[in-house]
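Trainee: Can we go through this one together? I'd like to start with the pocket.

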Amino acid sequence: MEFTSITAEQLQDRPDPHEVTDAETVYRGAIWDVARETFRMADQDEPLVRDFITHPGAVAVVALDDQDRVLLINQYRHPVRTRMWEIPAGLLDVSGEPALAAAQRELGEEADLVAEHWDTLVDFENSPGSSAEANRIFLARGLSEVPDAERFTREGEEAEIVAGFADLDDAAAAVLSGRLTSPAAALGILAAHVARSRDWSTLRAPDAAWPARPGHAG
């Protein structure tokens with residue numbers, strides 16, 4: 001393999017849809033399905049077959065208070081049999097709902113908080129080799145509590161949520177030491193830590209284009 005220098009302008013993922021010659025749903029689940037698609041790579045005679053999880057996309061929120069402490073919620077995740085420190089997050093499963101509105105809803109439902117200021121912090125594909133899940137993490141600041149009478153009744157795993165604030169430096173250190181491993185929390189905390197060091201100049205508008213969101217042009 002030959003290596004070349006990558007310029008700053010080239011550091012961008014680009015859509016490159018390959019023609020799908022056959023597609024079927026091999027499993028239908030309660031939240032997402034598993035698809036099987038056949039496609040062909042350039043200059044290859046044999047087609048490739050891949051199974052992957054279809055997904056509506058998701059949003060997450062790094063919420064910072066006036067002391068630069070990050071909101072973390074602790075809840076049980078059954079597939080990994082672990083209680084994890086995470087950031088508020090949820091599926092984009094409401095048809096036509098803007099990503100920002102979904103993030104605002106999740107912050108209220110999972111942490112009983114609203115925020116005055118919102119920015120786009122970072123985007124990521126959760127597991128692009130096996131899932132179509134696209135994620136956007138927002139930064140929320142200017143926090144205040146939802147009135148008691150308007151609070152959401154949490155159920156399932158969310159019923160046992162414990163919430164608290166951690167110093168952003170401490171949270172970043174916990175990620176780097178392997179003590180916090182939730183992907184959205186890890187990326188969001190590190191992105192916020194870097195963004196703060198650059199005086200928040202890396203932040204994007206809360207409605208910034210998001211072409212990776214499944215089924216959406218932005």
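Trainee: By class, what is in the lining of the largest pocket?

Mentor: The lining has 14 nonpolar, six polar and 10 charged residues. Ala, Val, Leu, Ile, Met, Phe, Trp, Tyr, Cys and Pro count as nonpolar, Asp, Glu, Lys and Arg as charged, and the others, Gly among them, as polar. A pocket here is an open set of points on a 1 Å grid over the protein atoms alone, where a 1.4 Å probe fits, with protein on both sides within 12 Å along at least five of seven lines; lining residues have an atom within 4 Å of a point.

Trainee: And where do the numbers come from?

Mentor: This is a predicted model, in which local features need pLDDT of at least 70 and side-chain atom pairs count only at pLDDT 80 or more, while totals for chains, interfaces and linings use all residues. Residues are numbered from 1 along each chain as its sequence is written, and side-chain values use heavy atoms, without hydrogens and water.

Trainee: Which residues lie nearest the centre of the largest pocket?

Mentor: D13, R14, P15, E125 and A212, out of 30 lining residues. The elements that give two or more residues to that lining are β2 (33-39), β3 (48-53), β8 (113-125) and β9 (134-145). Strands are DSSP runs of E, at least two residues, and helices are runs of H or I, at least four, numbered from the N terminus.

Trainee: Switching to the core. Which members of the largest nonpolar core touch the most others?

Mentor: V62, V70, I87, L121, I137, L139 and I189, in a core of 26 residues. A core is a set of buried Ala, Val, Leu, Ile, Met, Phe, Trp, Tyr and Cys residues joined through side-chain atoms within 4.5 Å. Buried means under 20% relative accessible area, exposed over 50%, partly exposed in between, with a 1.4 Å probe and protein chains only.

Trainee: Which element gives the most to this core?

Mentor: α3 does, with seven residues.

Trainee: What about α2, which of its residues are buried?

Mentor: L168, A171, A172, A174 and V175. They cover an arc of only 160° around the axis, so they sit on the same side of α2; the arc is that of the directions from the helix axis to the C-beta atoms. On the other side, D170 and L176 are exposed.

Trainee: What do the buried ones pack against?

Mentor: β5, β10 (162-167) and α3, with contact meaning heavy atoms within 4.5 Å.

Trainee: Last one: is D199 buried or exposed?

Mentor: D199 is exposed, at 64% relative accessible area. Its phi is near 55°, a positive value in a residue other than glycine.
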